[in-house]
Amino acid sequence: MTNKRRDDLGLRRLLGQEMLPWLVAAMAFLAALSIGGALEAQAVARHWQAGAARSATVLVPNPDLPLPRQGDGPEMTRFDAVLRVLRPNINLAQVRPLAPEDVGRLLRPWLGADTDLRTMHLPGVIALRLEREGVDLDKISREVAAVAPGATAEGHNAWIARLLALANTLEACALAVLGLVTLVAVAVVVAATRAGLAARREAIDIVHGLGAPDSYIASRFARRIAASAGIGGLLGMLAALPVLFGLAVLSAPFLDGDGLGLPHTIADLPLLLAAVPALPVVTSLLSYFTAQSTVRRWLRSLP
Amino acid sequence: MIRLESVGLRYGTPSRPGPLVLEDISFSLPAGGFRWLQGPSGAGKSSLMRLLHLELLPNAGKLVVLDHDLGAMRRDDLPALRRQIGMVYQDFRLLPHLTAFDNIALPLRLAQAPESMIADDVAEMLRWVELTKKAAIYPPELSGGEQQRVAIARAVVGRPRLLLADEPTGNLDDTQALRQMRLLGELNRLGTTVVVATHNDSLVERFPAASLRLEDGRLVSDDE
């Protein structure tokens, strides 16, 4: 119906909508951060889960205690005996004994810098990389305890479960913020549309009286609001990009361990790459349909 | 044709009813007829015109406009019926952000007429109301009389089946008033049903036709 760019209702100069792009920009910025936060938390959780499921630690109390010599065999400590049991195990991709200095370095944050670790009876630690998920750690525990009583094999499940709970909570919070931001954005668009309707009441009455159907009036408002919101969405997205870049830098060590794989980290988040540039389009569409529905509901008050 | 049977109109809402402005109005007007609508200020002339223009719906009685019983019509069908009705408002009701040309063109654009036809028809109307040189001027820059002529041109440009004019000559000098009345008369001769509300008794004497008279919201005489 008529040229869609024609501004019959005088909406281009509508004062009430001047703030709309800025308000939508703020909402889009927060939405981008929420999406980024949720996806980063999801990626970190997935990474931790995958790593933890295939790693375990063997603790050997009194590792240097020699075992009774077996026949003509060499003299062995408890630690050596456990390593000897573990290394042929086909379920283990890697068996890596930690040097006492490494164990000391790991414990120093808890024990303090002044503690002389040599006076402490620290257990020997062996890091295991499992060939696959679901390897029976109880069986390995029994095998190492058989040669060095007290030695145990432990998975990292308990810790990882807590970290996963933390990551999942962060993700849920980010999604809740995204939902809240969406609701606020809808409320802002409804308020702007109603302000526009109030400001253009007379023009609407005239055009309605000349025989314009609801769809004509609603689509003109919706297009105008959607254009303003789309500009806001673009501004919000552009403002969010450097922040998301920084977030990727911060999360890189948790994903790669080297802290240098920044592009690699972002590339690991295809959803982020798709979701953030889509923000202007999504805000525009959301605003279009919100404005359409608001105007059509309002027009129902006219005969 | 137009037919009103015991029509009543009250402003306000069902929960907060306002004053009764029209009561027990009954008359009919055949297609192609002409009727003056007279009465003192506050008699309900503008309310009756708004009812006939479908801006208001009656609270009581039956209203038939252009052979459509409004009580039996869906709301979505009303815009198409409105596009067959031209209305000249007492206060012009032009869109201030559109030029005189675009104000006159609006009914044609709403009816999805091709732009080439719109250009010809609007140019012809501008010639008739003697505003060709003011086609690109916005209403706030036009005099009251010029705005009224634009409002008349907008009402008749789509060759409506029903033309309603509420004090259409109130801001015009005698020469322009006669010229615009001749335009309405010409449309009537071409088949348009015309209802003109006016206080101007001399205008009624110059263009004799059947007349409806309202007082205090009631129809007190119908010459037909």
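How many salt bridges does the structure hold over all chains? The count is 15, where a salt bridge means a side-chain nitrogen of Lys or Arg within 4 Å of a carboxyl oxygen of Asp or Glu.

## Before you look

This is a predicted model, in which local features need pLDDT of at least 70 and side-chain atom pairs count only at pLDDT 80 or more, while totals for chains, interfaces and linings use all residues. Residues are numbered from 1 along each chain as its sequence is written, chains are lettered from A and ligands numbered from 1 in the order in which they are written, and side-chain values use heavy atoms, with hydrogens and water left out.

## Where chain A meets chain B

Let's start at the interface. Here 25 residues of chain A are in contact (heavy atoms within 4.5 Å) with 24 residues of chain B. Together the two chains bury about 2100 Å², with 58% of that on carbon and sulfur atoms; this is the accessible area (1.4 Å probe) that two parts lose on being put together, summed over both.

Between chain A and chain B there are 2 salt bridges. Arg75(B) pairs with Asp214(A) at 2.5 Å, N to O. Asp76(B) pairs with Arg300(A), their closest N and O atoms being 3.5 Å apart. Asp76(B) sits in the loop between strand 5 (68-69) and helix 2 (78-82) of chain B, and Arg300(A) in the segment after helix 10 (279-299) of chain A, so this pair joins two chains. Helices (H or I, at least four residues) and strands (E, at least two) are DSSP runs, numbered from the N terminus.

## A salt bridge inside chain B

The side chains of Arg50(B) and Glu55(B) also meet in a salt bridge, at 3.2 Å from N to O. Arg50(B) is partly exposed at 32% relative accessibility, whereas Glu55(B) is buried at 12%. Buried means under 20% relative accessible area, exposed over 50%, and partly exposed in between (1.4 Å probe, protein chains only).

## Helix 4 of chain B

Ile118(B), Asp121(B), Val122(B), Met125(B) and Leu126(B) are buried in helix 4 of chain B. Down the helix axis these buried residues fall within an arc of 140°, so they line one face; the arc is taken from the directions from the helix axis to the C-beta atoms. They pack against helix 3 (100-110), helix 5 (144-156) and helix 6 (174-189) of chain B.

On the other side of helix 4, Ser116(B), Asp120(B) and Arg127(B) are exposed. After the helix comes Glu130(B), with a positive phi near 55°.
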